[in-house]
Amino acid sequence: MTKFRLPHEYVMRLNAELRSRDATWIEGEAPEKISRAFVAAASMADLFEMRVAELALAQGGEKVRTLARSLLQERRQQAQRLRSTLKIASLGDVDHFVPYQLDPRREHLFGRLSGTSDEDDFGTLFINQQRASHEEAVSIFCYYAVYGENEALRAFARITLPFLE
């Protein structure tokens, strides 16, 4: 079995993400609440990366568009695998915790990127935003792969994590 390392910064980032979803990680917290927070955070990361990649296809230079196509395909596949996993995870009505629009923080980041007209500046900001979002997703998946209590979701996190890293 692979041993996962959890750097302190990852744990702190996930705690912040969970708090932003009103699902703070507290010893003894209901496992389904933590699982729902994981699904919400993972879904938000996918949604943001897909929206930004779609924007990059329209506004980016050739290299950025090539990267965006690849990222978009990967995130769509990952989102589909998560939806498939949710069918067997028995978490109830997923419509209540799977986001369908960006949260205010990510909407702000998206707005900054969409307002960038210079191709080089757009590419730099796109890469920086994707990198930060990706690192956040890795921390969320890493944390749940170790501490998650829903077997189906933990397996999903463990299987997905090597592709993210």
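The secondary structure of this protein chain comes to six helices and zero strands. Read from the N terminus, the elements run α-α-α-α-α-α. Please keep in mind that this is a predicted model.

Some totals for the chain. There are 165 residues, and buried residues make up 47% of them. The accessible surface comes to about 9200 Å², and carbon and sulfur atoms account for 52% of that. Now take the contacts in the chain with a separation of 6 or more: 71% of them are between residues 24 or more positions apart.

Helix α3 covers residues 62-89, which is 28 residues. From its first C-alpha to its last it reaches 40 Å, close to the 40 Å expected at 1.5 Å a residue. Which residues of α3 are buried? They are Val64, Ala68, Leu71, Leu72, Arg75, Gln78, Ala79, Leu82, Thr85, Leu86 and Ala89. When you read that list, remember that an α-helix has 3.6 residues a turn, so residues three or four places apart point the same way. After α3 comes serine 90, and its phi is positive, near 55 degrees.

Now the aromatic rings. The structure holds five aromatic pairs. One of them joins phenylalanine 38 and phenylalanine 141, and this pair is edge-to-face, with 5.2 Å centre to centre and 75 degrees between the planes. Where do these two residues lie? Phenylalanine 38 is in helix α2, residues 31-59, and phenylalanine 141 is in helix α5, residues 119-147, so the pair ties together parts that are 103 residues apart in sequence. Both phenylalanine 38 and phenylalanine 141 are buried.

Another pair is phenylalanine 122 with phenylalanine 126, and this one is stacked: 6.4 Å centre to centre, with 5 degrees between the planes. These two residues are separated by about one helical turn, because they are four residues apart in helix α5. Are they buried or exposed? Phenylalanine 122 is buried, with a relative accessible area of 1%. Phenylalanine 126 is also buried, and its relative accessible area is 0%. For scale, buried here means under 20% relative accessible area.

Back to phenylalanine 38 and phenylalanine 141 for a moment. Ring pairs link Phe38 and Phe141 with Tyr144 and Phe156 into a cluster.

The last item is a charge over a ring. Arginine 51 lies over the face of phenylalanine 110, at 4.2 Å from the ring centre.

Note on methods
Residues are numbered from 1 along each chain as its sequence is written. This is a predicted model: local features need pLDDT of at least 70, side-chain atom pairs count only at pLDDT 80 or more; totals for chains, interfaces and linings use all residues. Side-chain values use heavy atoms; hydrogens and water are left out. The expected span of a helix is 1.5 Å times one less than its number of residues. Buried means under 20% relative accessible area, exposed over 50%, partly exposed in between (1.4 Å probe, protein chains only). Contact means heavy atoms within 4.5 Å. Accessible areas come from the Shrake-Rupley method with a 1.4 Å probe; for residues, only the protein chains shown count as cover. Rings of Phe, Tyr and Trp (its six-membered ring) pair if their centres lie within 6.5 Å; planes under 30 degrees apart count as stacked, over 60 as edge-to-face and the rest as tilted. A charge sits over a ring if NZ of Lys or CZ of Arg is within 6 Å of the ring centre and within 35 degrees of the ring normal.
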